[in-house]
Amino acid sequence: SDHMENICGYLMKYTNLVTGWQYRFFVLNNDAGLLEYFVNEQSRHLKPRGTLQLAGAVISPSDEDSHTFTVNAASGEQYKLRATDAKERQHWVSRLQICTQHHTEAIGKNNPPLKSRSFSLASQGSASSPGVQRRPSQNAVSFFNVGHHRLSTGKRVPIMQPDHLVDVREMMSQAEGQQRDLIRSIECLPVSGHLTSLDQDLLMLKATSMATMNCLNDCFHILQLQHASQQKGSLPAGTTINWLEPKISLANHFKNGAAQNFPAEINKPASVREEQSVAEPCQLTREPEEINPDEELEDICDDKEDDLGAVEEQRSVILHLLSQLKLGMDLTRVVLPTFILEKRSLLEMYADFMSHPDLFIAITNGTTPEERMIRFVEYYLTSFHEGRKGAIAKKPYNPIIGETFHCSWRMPKSDIATDAGSNSSAHSASESVTLPKDLEGQKELDYYTVKFVAEQVSHHPPVSGFYAECAERKMCVNAHVWTKSKFLGMSIGVTMVGEGLLSLLEHGEEYTFSLPCAYARSILTVPWVELGGKVNINCAKTGYSASINFHTKPFYGGKLHRVTGEVKQNMTNTVVCRVQGEWNSVLEFTYSNGETKYVDLTKLSVTRKRVRPLEKQGPFESRRLWQHVTESLRDGDIDKATEHKRALEERQRNEERLRAETETPWCTKYFLKEGDGWVYHKPLWKTVSAVQTQQTDTN
């Protein structure tokens with residue numbers, strides 16, 4: 001309340017594509033909970049050009065830039081606004097959020113739960129219904145009071161009894177049943193003729209009816225909370241409140257909004273029963289397994305994701321999904337329809353970022369700290385192109401907790417880039433330190449081996465750890481990533497929270513780096529991916545750093561997938577290399593000596609990873625775990641893929657529930673928690689350090 005001040009000032013407001021941005025004078029009325037705007041300050045005494053009720057609104061800073069933000073009212077109306085700078089945006093956003101929270105909480109405090117009363121769905125559609133006759137001048141508080149029985153002021157509101165909540169639940173069940181009947185009726189219409197099941201108005205009706213049911217479920221949850229708070233003081237110690245959970249879920253409406261009645265357990269495919277009967281992961285061996293690279297075979301799988309047919313055919317499912325989402329909503333717990341999935345796990349996608357192992361190994365061959373930093377930047381920028389499978393934006397499988405992925409790459413030593421005079425010195429340094437016993441036999445081989453392992457270490461929040469090493473070149477990379485996804489309107493944004501660490505043990509150097517945000521754009525038409533945000537690469541020992549900007553496409557003009565960056569020496573603030581281009585096309589590197597180098601990513605050779613055959617993989621290795629989902633997607637059987645996916649997710653929920661009830665912590669297999677991050681249990685820097693210590697003791 002200390003910050004509940006009325007503020008006013010000029011902001012730019014986005015109107016439409018034709019008019020664009022216009023300066024308007026805005027007034028925040030904290031007492032009334034209103035955001036009003038006028039043509040200019042002089043017309044402030046006149047009627048506002050527009051008014052937004054802030055109770056129940058969502059205030060969201062935009063990812064586009066540091067000046068833009070949106071105000072999304074509960075009525076569905078939206079203001080897209082732009083301040084003069086980041087500081088002014090923060091001032092408006094914070095004041096709007098405080099006002100919004102105050103008036104939203106006031107609604108819950110000032111409005112008691114509904115009394116039990118007879119309910120008829122037929123009567124609710126009548127034009128005389130008080131909810132339909134809402135006047136524009138009503139504020140949020142008076143609107144929420146519509147339909148309540150009149151209560152004399154000063155009388156205490158009677159506490160709502162549990163059986164009343166049951167009555168409400170029964171009414172909602174009836175409404176849900178009628179909503180499902182509506183969906184089925186629409187889907188029974190012919191696909192051609194005067195009125196079809198693909199009619200745009202009917203598709204929108206399906207989406208909005210689903211949104212209405214979800215809104216009712218949200219209201220019901222508010223009733224539960226209010227009922228619990230009223231009884232809080234009168235409940236005896238130790239009493240447990242059993243919540244009446246909403247029945248409706250996206251998983252039950254994945255196929256054009258219709259609920260799926262899966263066959264009984266005995267009729268389920270054997271593969272589904274197998275997925276549901278796998279033992280509790282903590283009961284399996286959680287001891288780290290040493291994977292023999294000789295057991296891995298070159299990967300022949302080539303699942304390109306260029307098929308647009310499924311997206312076009314499932315347009316109604318997308319509309320249905322959008323009807324349930326709010327701007328800024330966290331999508332971590334949202335069950336997405338199966339047809340938008342890639343045929344690989346997120347853990348395997350991280351492995352595909354390593355598809356240019358020759359560039360990775362060549363980093364340590366740089367003769368100077370400057371050259372090694374530039375080589376790392378080159379490798380970093382070339383990794384994202386192969387990480388994407390095709391032009392269409394599809395989503396990899398969400399890894400199950402305890403899921404792992406292993407692979408390796410073999411790279412002929414003759415293919416690794418070296419500089420004149422650096423090859424011999426690099427190799428002599430390599431052989432000056434004795435390798436661990438399990439690597440001694442590999443010294444005479446004519447190729448380098450890069451090994452990779454990834455593990456899903458946490459489910460909520462979803463955190464993945466991955467580690468790669470080339471023991472012969474004494475280099476390794478360790479990273480942990482928390483994927484935070486949000487709904488942004490006609491796009492979905494994914495923030496990659498976490499940090500990576502590249503260790504070049506021959507040089508005693510460590511490079512820290514972060515990852516850019518990813519966006520799935522145009523999700524109602526042909527979805528595509530772009531990267532955005534600023535990332536930094538730093539080496540504390542050498543004082544070199546790199547700043548890289550992934551540029552999102554502006555509203556008007558501009559190129560797609562643009563990236564710019566520079567490498568500099570921090571002590572002298574000297575830029576030693578600049579880079580520009582597109583992260584999925586051609587990159588241009590300009591060096592301090594005036595030389596320029598072009599890298600065409602579309603022509604860059606890709607080294608296929610090596611993976612163990614399915615029959616040799618453990619039950620929680622990605623490809624074996626998801627094999628039935630992947631096979632069904634390849635066959636184009638979306639229903640079957642969804643059934644297998646649901647079995648895996650249901651098993652994970654049951655296991656999580658069991659661990660919570662028995663207070664059993666989850667045991668990771670390959671990664672250990674250290675501070676805020678996750679580190680591989682046997683990183684190369686520990687192995688080499690132990691060998692060096694042993695050599696010193698022997699001498």
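This is a predicted model: local features need pLDDT of at least 70, side-chain atom pairs count only at pLDDT 80 or more; totals for chains, interfaces and linings use all residues.
## Reading strands, helices and turns

Trainee: How many helices and strands does the chain have?

Mentor: There are 16 helices and 26 strands in the chain. Both are DSSP runs numbered from the N terminus: helices are H or I with at least four residues, strands are E with at least two.

Trainee: Back to that opening pair: in which sense do strand 15 and strand 17 run?

Mentor: The general idea is that strands of a sheet pair through backbone hydrogen bonds, either parallel or antiparallel. Two strands count as paired if DSSP finds at least two bridges between them. Here strand 15 and strand 17 (residues 517-521) run antiparallel, joined by three bridges.

Trainee: Over how many bridges do strand 14 and strand 15 pair?

Mentor: Strand 14 (residues 475-487) pairs with strand 15 (residues 492-504) over 13 bridges, in the antiparallel sense. Look for N478, which has L501 of strand 15 opposite it. Strand 15 is also joined to strand 16 (residues 509-513), by five antiparallel bridges, and there L502 has Y511 as its bridge partner.

Trainee: What lies between strand 15 and strand 16?

Mentor: Four residues separate the two strands, which form a hairpin, and G508 in the turn has a positive phi of about 65°.

Trainee: Are K474 and E663 buried or exposed?

Mentor: Buried means under 20% relative accessible area, exposed over 50%, and partly exposed in between, with a 1.4 Å probe and protein chains only. K474 counts as buried because its relative accessibility is 3%, whereas E663, at 71%, is exposed. Across the chain of 699 residues, 46% are buried.

Trainee: How should I read a sheet order, and which strands are at the edges?

Mentor: The order lists neighbours across the sheet. Seven strands make an open, antiparallel sheet in the order 4-3-2-1-7-6-5. Strand 4 (50-53) and strand 5 (58-61) are the edge strands, each pairing on one side only. From one strand to the next, the twist averages 35°. Inside this order, strand 6 (residues 68-72) and strand 7 (residues 78-82) pair antiparallel over five bridges, with V71 opposite Y79.

Trainee: Now helices: at what angle do helix 14 and helix 15 cross?

Mentor: Two packed helices are described by the angle between their axes and the distance between the axes. Axes are lines fitted to C-alpha atoms, for helices over the stretch in contact, and angles run from 0 to 180 degrees between N-to-C directions. Helix 14 (residues 627-634) and helix 15 (residues 638-662) have axes that come within 8 Å and cross at roughly 165°. Helix 14 is therefore roughly antiparallel to helix 15; angles under 35 degrees count as roughly parallel, over 145 as roughly antiparallel, 65 to 115 as roughly perpendicular and the rest as oblique.

Trainee: Which residues make the contact?

Mentor: Contact means heavy atoms within 4.5 Å. Helix 14 contributes H628, V629, S632 and L633, and helix 15 contributes I638, K640, A641, H644, K645 and L648.

Trainee: Where is R372, and what does it touch?

Mentor: R372 is in helix 11 (residues 369-387) and counts as buried at 5% relative accessibility. Leaving out residues up to four places away in sequence, R372 touches I363, T364, G366, T367, L504, H507, E509 and Y511.

How values were computed:
Residues are numbered from 1 along each chain as its sequence is written. Side-chain values use heavy atoms; hydrogens and water are left out.
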